Amino acid sequence: MRNERDFPHQDGPGAGQGVGARLPRKEDDRLMRGRGQFVADIRLAGLQDVAFVRSPLAHALIRGIQVPERYRANVFTAADLIGVNPIRAVSGLPGFKISEQPVLAVGKVRQVGELIAMCVARTRAEAEDIAAAVTLELEELPAVYDMLKAREVGSALVHEHWGDNIFLETNFEVDISSALDAPIKVTREISTARQCMSPLEGRGVVATFDHRLDQLTLYSAAQMPHVTRSGLAECLGMEQGRIRIISPDVGGGFGHKGILLPEEVCLSWLTMRCGHPVRWTEDRREHLTASANCREHHYKITVYADRDGRLRGIDCEATVDSGAYSSYPFSACLEAAQVASILPGPYLMPAYRCRTFSVATNKCPILPYRGVARTGVCFALELMLDLVAAEAGLEPGEVRLRNLIRPEQMPFDNITNKHFDSGDYPEAMRRALAAIDLEAVRARQHRGEPDGRRIGIGLSIYCEQAAHGTSVYSGWGIPMVPGHEQATARLTPDGGLELRVGVHSHGQSMETTLAQVAHEILGINVAQVHVIHGDTAMTPYSTGTWGSRSMVMAGGAVGTACRELAERAKRIGAKLLQHDLASVVLQNGEVRGVNGSVGLKEIAHTWYRRPQDLPSDVDPHGLEVTAGYKPQRDSGTFSYAAHAAVVAVDPELGEVEILDYVFVEDGGVLVNPMVVDGQIYGGLAQGIGTALYEEMPFDTAGQPLATTLADYLLPGPTEVPAARLDHMETPSPYTQFGVKGIGEGGAIAPPAAIANAVNDALRPLGVELLQSPITPHRIVEAILARREMQRGAA
Amino acid sequence: MKPAPFAYERPRDLTAALSLLGETAASAKVIAGGQSLGPMLNLRLAAPELIVDISALAELKQAEHHGDELVLGACVTHADIEDGRVSDLTRGAMQGIAANIAYRAVRNRGTIGGSLSHADPAADWVSGLAAMGARLTLRSRGGTRIVNVEDFIVGALESVLRLGEIVETIHIPARSPSAHWGYVKSCRRTGEFAHAIGAVLIDPNAGKARVVIGAIEAAPIVLKDPLELFGGHIASDYKDRFDARVADAILVKAGVSNAAQRHIHVSVLRRAIREAAA
């Protein structure tokens, strides 16, 4: 069912390499041979390793830090970091309360794993020995471990001077009173677990100082090197020109590698203090217990609908556990603010109210994880849609079809002023229903399973706003607001092309896809197109890779720069051909006129190596262009997908098996459909993790309980089914080539589709599960609770 | 995640190993396949001063028949059993357990004696071997003693091993022609530790059975004469006579207070019994 599209191409040596080609990834040659270079692969002369003394308690006053005399020179605490500023990520939204995250704890600790002291030694093992020899005197305080209890008056306080634990409260309301008389009213509490992002490669930092350049160089596994530089400069009180951030190969980011780490600040300070390079590599326990958390949402939600399943409105109170500190640059409120703005989903919604709370707790900061708030929102909304369908006595697919924004309404502004650029959402849903074969599944359900399991079918559909720009982010007023994206395109003297972009790949394959964009315009073979990214010294400023923006924004900038480069090449080529500029075209890597043609290679050679052959009135701007790009509207592209899952649930053991999984995805014009497929399958794996496996529980003392991968379960090859993927292709009217961002979608819809399938399977038992992950224990618990209730009633 | 400093010895024979373990005043740990101890060292949950690596001891890799008994050395790996490199008197029961332990990479290195010594209640051998009625020879510099598997593990990560003592051999009785075997476990995902194990050896002709409910966060429940589970006697209809309420009561008595957990344990046990009867 894969839709292999054939994009029109020119003939010639570079044919089949442009926009739409399923081109093998250029990156894979080194990555598949183990020749990638990640931060932990970097060896610098004199490098020493750092281990941190981290807080063992979630909330405590620091009464003393005892460093054995023999280790005095190896250990640094906040008292040493004179002049280093705390990390501050302030939102401009009214009422936002500011947290200051000290890079090494001062006075008190607010989460398990918070950095207290930095230990440096020849090896990591020795540094860990030193860290183990440092003793802490901590006075434990009551922990704020539950975001709902944290909202109550009298709760312990994470930041005492606030007076409460609320980073930000928002309220959005349109016409909710008009929905209240709806005949169907369903109210539930729905929640998603706290998760860890778990990229294959953790964070890592190597810091060194270059005296010749008077420059701090920080190698960091980072998605947004330019933003990291700005944040680092603010913390260190340094000029940004004296800092260079290099992000080498990055093994997955998902948002975790977007934030400024206290470890980055610490190591930067340390290399300048010690005079030798230093390294810290995040280990898996640090990742699980001390670093990135995400996804923990709670919804108290009411959906109003008519008897025919048409939605009348949503009333919701959403709470997000933001953790102890506001992370740089996304802030502690991005997640909840996004909940309020996207909860209506891709549906026609006449009335809406959403109150949100971003709550501080004694946990790691919450970060935007692939899909950001959308995964939680989709989970809440799509579970509610199924409950509305059950109330209305309709198929869940039918209820969706009756409420989805229709193609003839595009472009469409919804109730929260989200501007849907294009798409046919009902068609995606219809295709998904056909592919999963709803009737056959219902018939199988009716027959029953010989092994006693129960079959269920679940749907979900979402929209993914991507590449949202200035107009969206300026409203949130966080430290990072994207503007025009820039790219530099330089023809090399041998006719190759260098592209410099400020976005960075943590698995997005941009060395291939941006080369395809350049090929589409210049006709240069992608083998001769070299993408340079991940280095603030070599690339134009960019907010980096986040929000599924790179193909739209950097792809647009590359296209713009290449078009300008094409014009310049044509001007030179026309001169060489002794033609009018107006009478030549650039085709297939050649400037062609009626009398002949001249290749880009020859044009480049002439410009750089034989300028004596150029006429005196040649355009002096040369063959290097930096161009900026923004889509015609910067409110974002809207890709979307309908997902359908069939599961078998074992009601005795609570085990769930995914029998079939279908997605119908519309990401606009796909630059490289194979790369898109990879993104979607990878997202599915993470979505399955959210649905069934991943959870970081905390006890009442604020201790994270899943401290190793034996307890924090990630899906593996046997847990991810061979899903079936179909593409639709509705171009965005606003972007170059009609592309849309699609990097996150795969991870958004699976939890909802799988939960709906489980609930569909268990509906005859009167059981519903409204909390992720859906574990065997939760399933059995729900079934037993229902039985107990029925027994009580009888 | 680097271990604390430790001394390391890799003796060439068992006597030398036992001497090292018996002589040292320092805290010592034995390592064989290292599949449990390795992570614990890296997490600094274990910080011994000395590690004695017994993986070079040929004496502990034997697999022999002694009459009606298979005797396996402690350093036989799960993969040795899975692949049939050691012989079998259980008619595939041992192989069935071994083939589903964790992942192949773990099975390649992990040893049967190491798994038992680690005494993780969720591990397979502590339950499976208890159901088979296996015994262990424990050896120290001072001599040997023999214990039943069910008496060996006394709690989570707790066994009766004394300082300086190691598991030397595992004695697995032959499965009689009339004995049925069932082994079922429930795991959150492939390769993870089980959260419920049911292991049964039922001989309807002899009217006897051994039933194990494992992975209960404490030593497995081993029922050596479980007539009550089958309404008072064990015969060819044992599958239909299984009484889930009795099993549930046994779990309550063992301190498993969570009803959903008990439900899963009882369901897994029922399946093990069905598998035996199949």
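In chain B, 47% of the 278 residues are buried (a residue is buried if 20 or more other C-beta atoms lie within 10 Å of its own, exposed if 12 or fewer, and partly exposed in between, with C-beta atoms placed from the backbone). The model is predicted, so local features need pLDDT of at least 70 and side-chain atom pairs count only at pLDDT 80 or more, whereas totals for chains, interfaces and linings use all residues. Residues are numbered from 1 along each chain as its sequence is written, while chains are lettered from A and ligands numbered from 1 in the order in which they are written.

The overall form of chain B comes next. Its secondary structure comprises 11 helices and 14 strands (DSSP runs numbered from the N terminus, with helices being H or I of at least four residues and strands E of at least two). The C-alpha atoms of chain B fill a box of roughly 55 × 45 × 35 Å along the principal axes. The radius of gyration of chain B is 19 Å, which agrees with the value near 19 Å for a compact globule of 278 residues (taken over C-alpha atoms, with a globule rule of 2.2 Å times the number of residues to the power 0.38). Of the contacts in chain B with a separation of 6 or more, 62% are between residues 24 or more positions apart (two residues are in contact if their C-beta atoms, placed from the backbone, lie within 7 Å).

One residue of chain B gives a local view. B:Gly73 is part of strand 5 (residues 69-73) of chain B, and B:Gly73 counts as buried because it has 25 C-beta neighbours inside 10 Å. Beyond its neighbours within four places in sequence, B:Gly73 is in contact with residues including B:Glu59, B:Leu60 and B:Thr169. B:Gly73 also lies 6.4 Å from B:Ile170, C-alpha to C-alpha, although 97 residues separate the two in sequence.

Where the chains meet, chain A contributes 25 residues and chain B 18 residues. Helix 11 (residues 259-277) of chain B supplies the largest share of the chain B side, six residues. By class, that side has nine nonpolar, four polar and five charged residues (Ala, Val, Leu, Ile, Met, Phe, Trp, Tyr, Cys and Pro count as nonpolar, Asp, Glu, Lys and Arg as charged, and the others, Gly among them, as polar).

Turning to chain A, helix 10 (residues 425-436) has 12 residues and reaches 17 Å from its first C-alpha to its last, close to the 16 Å expected at 1.5 Å a residue (the expected span is 1.5 Å times one less than the number of residues). Its buried residues include A:Tyr425, A:Ala428, A:Arg431 and A:Leu433, and what covers the buried residues includes helix 9 (396-403) and strand 18 (454-466) of chain A. Helix 10 is followed by A:Asp437, which lies in the loop between helix 10 and helix 11 of chain A. A:Asp437 has a positive phi of about 60 degrees although it is not a glycine, and A:Asp437 is partly exposed, with 16 other C-beta atoms within 10 Å.

The loop between strand 14 (311-321) and helix 7 (334-342) of chain A holds A:Pro329, and the peptide bond from A:Tyr328 to A:Pro329 is cis, with omega near 5 degrees. A:Ser331 lies in the loop between strand 14 and helix 7 as well. A:Ser331 is not a glycine, yet has a positive phi of about 75 degrees.
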